[in-house]
Amino acid sequence: AQPVIIDCDPGHDDALALLLAAGDSRVRLLGVTTVAGNQTLDKTTRNALRILALAGIAGVPVAAGSDRPLVGELTVAEDIHGSSGLDGPDLDGPVGEVAGVHAVELMRRLIAGSAEPVTLIATGPLTNVALLLRTHPEVVPGLNRIVFMGGSTERGNTTPYGEFNIVTDPEAADIVLRSGLPTTMIGLNVTHLALATTEVIAEFRGMGTRLGTICAELMTFFASAYRREFGFEHPPVHDPIAVAAVLDPSIVRTVPAAVAVELNGTHTRGATVVDLHHRTGATPNADVAVGLDVDAFWRLLMAAVRRCAAG
Ligand code: BDR
Ligand code: CA
């Protein structure tokens with residue numbers, strides 16, 4: 001199984017990303033690190049612990065990382081994820097302990113200790129990942145690739161051209177994209193194809209397990225937020241697509257392209273400028289997702305959630 005670390009800010013769709021990784025034996029989840037984004041760091045960390053506990057995942061360390069972007073202030077996505085960051089279900093119950101080291105240090109140790117190169121899957125702002133690359137460049141040979149949910153080849157969701165994870169920490173995204181490491185960008189142009197429809201929610205509920213019910217309740221809250229904020233009929237589940245791309249590359253079609261992060265635009269700070277048609281002559285620095293096998297994605301996700309619930 002491929003060793004992976006998930007850096008996340010749960011977050012309704014981050015929760016599904018964790019379950020997908022935990023429930024599929026093609027990856028081995030070495031650790032989970034958290035970042036401020038959808039909610040403050042204390043909340044995203046608690047939420048990561050809650051999801052792992054609900055899924056019955058023991059022995060995967062969770063470490064808290066950056067509580068703010070590299071530059072500027074944090075603006076959380078309370079409108080989409082609620083005041084807890086995982087509003088909807090009742091998630092009470094015992095949770096594990098957070099590791100006594102910073103996320104960046106946990107990532108360093110896990111990468112150093114892994115016999116095989118590690119794939120880093122980032123589903124929140126890229127603050128921790130950028131700090132890791134800047135403070136511990138010696139980890140680079142131990143990394144296989146960075147797969148991140150963020151950006152878009154099209155328009156944004158937080159500003160007209162900026163997607164939330166990149167807008168939250170554009171400097172961090174810039175560092176990652178200019179690191180020279182292989183990267184895969186899972187942007188809104190594909191994540192908006194994976195919608196938690198009424199049938200998806202019914203399938204979660206129909207599992208007849210506490211975890212299935214919680215997924216249904218999470219998606220019901222997420223749906224009402226997306227309906228209110230964006231007028232979407234069904235909410236897009238962004239983050240698990242990044243995990244799916246690692247589990248089965250045939251599910252996500254990518255093309256190599258040069259991706260730059262707009263750091264200074266008057267109206268477009270945080271936009272990903274994707275040179276899909278090779279107009280600039282810049283060398284591609286990312287495999288950019290341009291297509292998704294939607295049915296195969298949902299089959300993977302449902303199977304993983306069932307496996308987590310079965311223990
Ligand atoms: C991204 O922003 C967050 O709200 C989601 O968890 C996802 O990572 C989508 O723009
Ligand atoms: Ca996220």
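Predicted model: local features only at pLDDT ≥ 70, side-chain atom pairs only at ≥ 80, totals over all residues.

Biologist: Which strands pair with β9, and in which sense, parallel or antiparallel?

Modeller: In a regular strand the side chains alternate between the two faces of the sheet. As for pairing, strand β6 (residues 183-186) joins β9 in the parallel sense over 2 bridges, and there Met185 has Val288 of β9 as its bridge partner. Strand β7 (residues 252-261) runs antiparallel to β9, to which 6 bridges join it, and Ala257 stands opposite Ala286 of β9.

Biologist: How many residues of β9 are buried?

Modeller: Strand β9, which spans residues 286-292, has 5 of its 7 residues buried and is therefore described as mostly covered, given that a residue is buried if 20 or more other C-beta atoms lie within 10 Å of its own.

Biologist: Turning to a helix, why is α5 described as largely enclosed by the rest of the structure?

Modeller: Helix α5 covers residues 127-135, and because 7 of its 9 residues are buried, the helix is largely enclosed by the rest of the structure. The buried residues are Thr127, Asn128, Val129, Ala130, Leu131, Leu132 and Leu133.

Biologist: What covers the buried residues of α5?

Modeller: The covering elements include the strands β1 (2-8), β2 (27-34), β4 (118-122) and β5 (143-149), together with the helices α4 (103-112) and α7 (170-177).

Technical notes: Residues numbered from 1 in each chain as written. Chains lettered and ligands numbered in written order. Buried ≥ 20, exposed ≤ 12 C-beta atoms within 10 Å, placed from the backbone. Helix = DSSP H or I, 4+ residues; strand = E, 2+ residues; numbered from the N terminus. Pairing = 2+ DSSP bridges. Contact = placed C-beta atoms within 7 Å.
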